[in-house]
Amino acid sequence: MKNNYWSEDEADTKIGKLIVTMRSFSNIPIGTVGKVARKYGDKNKWGLDIEWVFVHTKRLPLTDSFSKDEYEEFLLEID
């Protein structure tokens, strides 16, 4: 998979958005809800960190990092 990234302005517009997984990956089941917690990167190459919300469990917060391509392939914004 080619890893494209956002500009800083594009990444800033994603922070705080709620998302849901469209398929399972990395021990994250399909339908898991997460929130865009922060951006990472520099200059014009920014990715996003997603903090997962696990309902009905006492799991510690889990965060995964996503490029623009990964975000668009695996996640769906719900707000």
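Select Thr-21 first: leaving out residues up to four places away in sequence, Thr-21 touches Ile-28, Pro-29, Ile-30, Gly-31, Thr-32, Trp-52, Phe-74 and Leu-75 (contact means heavy atoms within 4.5 Å). You're looking at a predicted model, where local features need pLDDT of at least 70, side-chain atom pairs count only at pLDDT 80 or more, and totals for chains, interfaces and linings use all residues. Residues are numbered from 1 along each chain as its sequence is written, and side-chain values use heavy atoms, with hydrogens and water left out.

Thr-21 sits in strand β1 (residues 18–21); strands are DSSP runs of E, at least two residues, and helices are H or I runs of at least four, numbered from the N terminus. Is Thr-21 buried or exposed? With 4% relative accessibility, Thr-21 counts as buried (under 20% relative accessible area; exposed is over 50%, partly exposed in between, with a 1.4 Å probe and protein chains only). Now show its side chain, which reaches the backbone oxygen of Pro-29 at 2.9 Å.

Next, pick Phe-25, Ile-50, Trp-52, Phe-66, Tyr-71 and Leu-75, the residues with the most contacts inside the largest nonpolar core, which has 14 residues (a core is a set of buried Ala, Val, Leu, Ile, Met, Phe, Trp, Tyr and Cys joined through side-chain atoms within 4.5 Å). Colour β3 (45–53) and α2 (68–74), the elements giving two or more residues to this core. The largest share, 4 residues, comes from β3.

Zoom in on Tyr-71: beyond its neighbours within four places in sequence, its contacts include Trp-6, Lys-14, Val-36 and Glu-77.

Last stop: Leu-76, in strand β5 (residues 75–77). Leu-76 is partly exposed, at 44% relative accessible area.

Notes. A polar contact is a pair of N or O atoms within 3.5 Å; within protein, one must be able to donate a hydrogen and the other to accept it, and residues adjacent in sequence count only if both atoms are side-chain atoms.
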